[in-house]
Amino acid sequence: MKQQQPPPLPQTQPPSLSLSQPAAGAGGAAAAEGSAVAHAISSLNGSNNNNNNNNAETARCRPPLYPKPKTPSFDKDRDYIGFATLPEQVHRKSVKRGFEFTLMVVGESGLGKSTLINSLFLGDLYKNRQMPNVEDRIEKTTRVEKKTMDIEERGVRLRLTVVDTPGFGDAINCEDSWRVCTQYIDEQFRQYFTDESGLNRRNIQDNRVHCCLYFVPPWGHSLRQMDLDLIRRLHRKVNIVLVIGKADCLNKTEVRKLKERILQDLEDNHIQLYQFPECDSDEDDDFKQQDRELKASIPFAVVGSNTILEVAGKKVRGRQYPWGVVNVEDAEHSDFIKLRTFLISTHMQDLKDTTQDVHYENFRAQCISQISQHALRERGKLKRDSISSTNGFDAAISETDRLLLQKDEEIRRMQDMLTQMQEKLKQTHLMEMKKNDSVIDV
Ligand code: GDP
């Protein structure tokens, strides 16, 4: 029997922090998932990766290429079992199914959130956006707006959902702002929990929030009280990634100082944002270096722009100012490329895994403990009810018994009377007989 060759795999480019090349674009997201799969798969194969080592340069690239499975030839190769194609099977299945990712953006209006999202995913998610006027903003409460975009890159489909929170922080009292965010996250968990406990678990749509980009303004000296309040309420529910918006307002020293103070504030308040996983020791040096750079950049200081400008004959995404151009993809100007690399190319799958394994697991454990506590309470109530009804039954029984005993007593008394009457009758009869006998004798 002829075994089918797996389809050719997409040649994903290694995510690179090099700024000479513009980023891959919308499809980068999909590539990320693909590369995450590829990465996981490559670790599955471990040292077996000797088919691709002809070219040392290629071997050092990220993500590692799949080891080419040996062509199954049962006649020639008696050692071949066939499970080397497992990675391709997983890959094909995942690509067929497509990927889902939900990103929540939180921060007050005007911080450049929509511009950044459009720049990250090269789309226009906010085409029909209407800016609220002043009166609206006074009244305004925080809302949740969900926008979905289907993107495809090299045959890999990604359904990206961006959850925006317009009105966040506009009101004087910010209680409402954090409540809306936490409620939304919990609702998605609850929905997933209900779907997962239902009968049709095959087609569950995952709307859980996988990452929350929290925008901090570039003005001010550190996190504000409202930022701390919200982050404290969210950090155990969702992967929070801090972003300093409109970072072109700050020079390099100011960015560094602001980052340091933010990190200090988080530490002082025992807040734990998304934790980057440790880099495996067997990863190649480029990947380790990239990982170090990403970790060192947190919180990402970003600049967004939807304008393509021409600078020295090259097209760049940037912001034109009288004194020059801010190239958002230049690492000297902003952490935009690092954020995109992290969010799309290297850590998208880990964000999803952490959501599933940590945040959703916490929610699920709470739900299950609440359900079992409720069941225990219900059982206790039932027990109490049954005990009290048994007591009532006893009372009813004793009342009946008492009546029966009474009746028994009456019957016994009547029987006694009857016996006495019969006895009397018998004696009278005997006396009558004797009398008659004596009369005859005479
Ligand atoms: P949102 O309300 O948070 O979604 O903010 P917008 O994305 O609508 O941006 C508000 C204004 O800030 C617009 O005029 C943008 O052009 C501008 N803007 C967006 N990103 C940046 C940035 O990185 N730097 C600067 N200086 N302005 C920005």
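Modeller: Contact here means heavy atoms within 4.5 Å. Leaving aside neighbours within four places in sequence, Phe 342 is in contact with Val 241, Tyr 274, Phe 276, Leu 294, Phe 300, His 347, Met 348 and Leu 351.

This is a predicted model: local features need pLDDT of at least 70, side-chain atom pairs count only at pLDDT 80 or more, and totals for chains, interfaces and linings use all residues. Residues are numbered from 1 along each chain as its sequence is written, and side-chain values use heavy atoms, with hydrogens and water left out.

Phe 342 belongs to the largest nonpolar core, which has 76 residues. Such a core is a set of buried Ala, Val, Leu, Ile, Met, Phe, Trp, Tyr and Cys residues joined through side-chain atoms within 4.5 Å. Buried means under 20% relative accessible area, with a 1.4 Å probe and protein chains only. Phe 121, Leu 213, Leu 242, Leu 339, Phe 342 and Leu 343 touch the most other members. Helix α6 (residues 175-197) gives the largest share of this core, seven residues. Helices are DSSP runs of H or I, at least four residues, numbered from the N terminus.

Now confidence. pLDDT is the predictor's confidence in each residue, from 0 to 100. Its mean for the protein chain is 76, and 72% of the residues reach 70 or more. Over residues 1-69 the pLDDT is below 50. Beyond near neighbours in sequence, that stretch has 121 contacts in the model. Where pLDDT is low, the predicted coordinates should not be read in detail.

Definitions and conventions
Buried means under 20% relative accessible area, exposed over 50%, partly exposed in between (1.4 Å probe, protein chains only). Helices (H or I, at least four residues) and strands (E, at least two) are DSSP runs, numbered from the N terminus.
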